[in-house]
Amino acid sequence: MKKTLTRFGVLLLLAVFAVGCSEGNASSEEGKAEVDDVIDVVWYPNESGEDLKSSRDEIGKVIADATGKEVEHHLTTDYAIAIETLVNNNADVAFMGAQGYIEANENNDAVQPIVVPTGPSGTLDDAVYHSWLAVNVDDQENYKQDGEYSLDTIADKKFSFVSNSSTSGFKVPSAGILSHFTEQEEYKDLTEEDLMEGGPLFSQVLFGNSHQGSAVNLLDGNADVAAFCDTCVENYVEVAEGEENEVGSIYKVKDDAEQPFNKVAGKEFTLMSVTPVLNAPFAANMDTLGEEDFKKLQEALTSDEVANNEGIFVPEDDEQSALFFKTDKERFAPAEDDWFDPIRELQ
């Protein structure tokens, strides 16, 4: 049975960690974080599905073997809970998008990156995934001007983001939308906050709370346009026409897709915008994890053993769901805080 994040949800509402809990990190009498014998790993909603349990468990095994400590996985249904859990010293490690990491680091400078999955080169030079703007395939002509997709056509539409803490599901697409529309007199004062609600630009704004949820908002007709990323839906969809990550390509939901895509199996969408985004890091709260375990985790995760572990980097042609796939030389690599500056500059 999947663990829930009830304890952490309560902490978020209270905004204070007032009650100790034996299975997680506790605060000392002075309110300072303590290193204990459990590594608490918190996961975003995108990675909390049952279909990704084998990936989470394999990574948890690496963490346990490296540190000699018990690993507890905590699944979430909300980005904010995952971020606040790490910030407020109630988790040791999180897998989070670049924007979520930046928010966590801004609120607690003890939050630092451990590793980032590389690109096919095995380096951080091509460590990117892709932010999509997608529309239903039957409506695609409504989003073109002179035969080309145009952002002008999304005005007054129902739009779905992922979460305002999502890099590829909010921060990157909103930056592109603002850059485009603020050049126009009608929208010159448009702000990021305006994009979070129906009003100056969109007729309605929805948040899917996960990339999967945002995609389903589109496919079930609740949204006209949706932002979500390639890697978070790749286990559920396949290219029906065109090439991967190309504007105009059409994707189809697999007939045997698991929740939440099972209710929209067979439906198709097309990409009207594709933007590269920096890969998501595993981050640590250095106050609760400790320098010693940080070094152990970084060494273990960047090892050849992990790079060649097919339970973590699943072969590209394998049909099982996974967090990471191996197309060439993918592995984990260390990253410094300033590697995420390009996303910071979108503020």
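User: How do I read accessibility here: is Asp146 buried or exposed?

Analyst: Sort each residue by relative accessible area: buried is under 20%, exposed is over 50%, and partly exposed lies in between (1.4 Å probe, protein chains only). Asp146 comes out at 83%, so Asp146 counts as exposed. Before going on, note that this is a predicted model, where local features need pLDDT of at least 70, side-chain atom pairs count only at pLDDT 80 or more, and totals for chains, interfaces and linings use all residues. Residues are numbered from 1 along each chain as its sequence is written, and side-chain values use heavy atoms, with hydrogens and water left out.

User: Where does Asp146 lie, and what is its phi?

Analyst: Start with the general rule. Most residues other than glycine have a negative phi, and most peptide bonds are trans. Asp146 is not a glycine, yet its phi is positive, at about 55 degrees. Asp146 lies in the loop between β6 (144-145) and β7 (148-149). Element labels follow DSSP runs, numbered from the N terminus: helices are H or I with at least four residues, strands are E with at least two. Asn245 is a non-glycine with a positive phi too, near 55 degrees. Asn245 sits in the loop between β11 (237-241) and β12.

User: Which peptide bond is cis?

Analyst: The bond from Gln259 to Pro260, with omega near 0 degrees. Find Pro260 in the loop between β12 (250-253) and β13.

User: How is the chain split into domains?

Analyst: Domain bounds come from an automatic or database domain assignment. Here, domain 1 covers 38-126 + 279-345, and domain 2 covers 129-278. Their centres, taken over C-alpha atoms, are 26 Å apart. Domain 1 puts 24 residues into the contact and domain 2 puts in 20; contact means heavy atoms within 4.5 Å.

User: How do I read that interface: how much area do the two domains bury between them?

Analyst: Buried area is the accessible area (1.4 Å probe) that two parts lose on being put together, summed over both. For domain 1 and domain 2 the figure is about 1,600 Å², with 51% of it on carbon and sulfur atoms. Polar contacts cross the interface too, in 10 residue pairs, both residues at pLDDT 80 or more. A polar contact is a pair of N or O atoms within 3.5 Å; within protein, one must be able to donate a hydrogen and the other to accept it, and residues adjacent in sequence count only if both atoms are side-chain atoms.

User: Which elements give two or more residues to the domain 1 side?

Analyst: α3 (79-87), α4 (98-107) and α11 (341-344). α4 gives the most, with 4 residues. By class, that side has 13 nonpolar, 8 polar and 3 charged residues. Ala, Val, Leu, Ile, Met, Phe, Trp, Tyr, Cys and Pro count as nonpolar; Asp, Glu, Lys and Arg count as charged; the others, Gly among them, count as polar.

User: Is α3 mostly covered or mostly open?

Analyst: Mostly covered, with 7 of its 9 residues buried. Those include Tyr79, Ile81 and Leu86. Asp78 caps the N-terminal end, placing a side-chain oxygen 2.7 Å from the backbone nitrogen of Ala80. After the helix comes Asn89, with a positive phi near 65 degrees.

User: What does the side chain of Asn279 reach?

Analyst: The backbone nitrogen of Tyr129, at 3.3 Å. Asn279 lies in the loop between β13 (268-278) and β14 (282-285). Its relative accessible area is 9%, so Asn279 is buried. Beyond four places in sequence, Asn279 touches residues including Val116, Pro117, Trp339 and Phe340.

User: How many salt bridges does the rule find?

Analyst: The rule asks for a side-chain nitrogen of Lys or Arg within 4 Å of a carboxyl oxygen of Asp or Glu. The count comes to 11. Across the interface of domain 1 and domain 2 it is 0. Take Lys296 and Glu292, whose closest N and O atoms are 3.3 Å apart. These two are 4 residues apart in helix α9 (residues 291-301), so about one helical turn separates them. Lys296 is partly exposed at 31%, while Glu292 is exposed at 55%.

User: Which residues are linked in a network?

Analyst: Asp337, Asp341 and Arg344. In the bridge between Arg344 and Asp337, the closest N and O atoms are 2.6 Å apart. Arg344 is buried at 18%, and Asp337 is partly exposed at 22%.
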